[in-house]
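The sequence and structure come first.

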Amino acid sequence: MSDKMIVINSEDVPQQDFRPIPWICKFDGDKYGTNNFYSVHWNMPQPRVEVTDNVGHPPHMHKENEIMMLIGMDPENPDDLGAEVQMCIGEDMEKHIFTKSCTVIIPGGTPHGNFRIIESKKPWMFVQVQEAAERTEKFLWDYLTPEQIEAIPNKDFWKDTGQDD
């Protein structure tokens, strides 16, 4: 990486392909010569959704560690995420509900997914760092029922990446 500062303005960042959430930052090592893949986006208030068989971001794993930061934006109460977010982690896909600002570190090779926003009462920020210059993702379709797979919107979007070796 060069010793020159890199500034990425939000207007230079493409819109997400699979949901209408604006990226603030999304780049990988190929484009900017960095060591990690980064993405950052806002999550705006949205009404509560009933948790059904909708799986959200389908179960998957990465070759490298993934670091996710869920950051509440209320300066009066920064610990309050202002949202309820569900994620399943591990071989048994243990369900976790996040309502406080936190950092989640998922070791490389650990199954996780069914990431879904159940409710957002206030704006909050999602920051993701994957400890690789390029995003890797291996989808774990065996964790889902055929009905769950069929119900996934835009299922053609969810493709394995960076899995050649």
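## Salt bridges and fold

Asp160 is partly exposed, at 37% relative accessibility. That class lies between buried (under 20% relative accessible area) and exposed (over 50%), with a 1.4 Å probe and protein chains only. The model is predicted: local features need pLDDT of at least 70, side-chain atom pairs count only at pLDDT 80 or more, and totals for chains, interfaces and linings use all residues. Residues are numbered from 1 along each chain as its sequence is written, and side-chain values use heavy atoms, without hydrogens or water.

A salt bridge puts a side-chain nitrogen of Lys or Arg within 4 Å of a carboxyl oxygen of Asp or Glu. The count is six. Three of them are tabulated here.

| Pair | N to O distance |
|---|---|
| Lys122 and Asp74 | 2.9 Å |
| Asp80 and Lys122 | 3.2 Å |
| Lys138 and Asp160 | 3.3 Å |

Lys138 sits in strand E10 (residues 138-139), and Asp160 follows helix H2 (146-151), 22 residues apart. Lys138 is partly exposed, at 34%. Salt bridges with shared partners also join Arg48, Glu84 and Glu119 into one network.

The protein has two helices and ten strands. These are DSSP runs, numbered from the N terminus: helices (H or I) have at least four residues, strands (E) at least two. Strands E5 (residues 80-89) and E6 (residues 94-100) pair antiparallel over six bridges; pairing takes at least two DSSP bridges. They form a hairpin with four residues between them. Gly90, in the turn, has a positive phi of about 95°. Ile89 has Glu94 of E6 as its bridge partner.

Of the 165 residues, 41% are buried.
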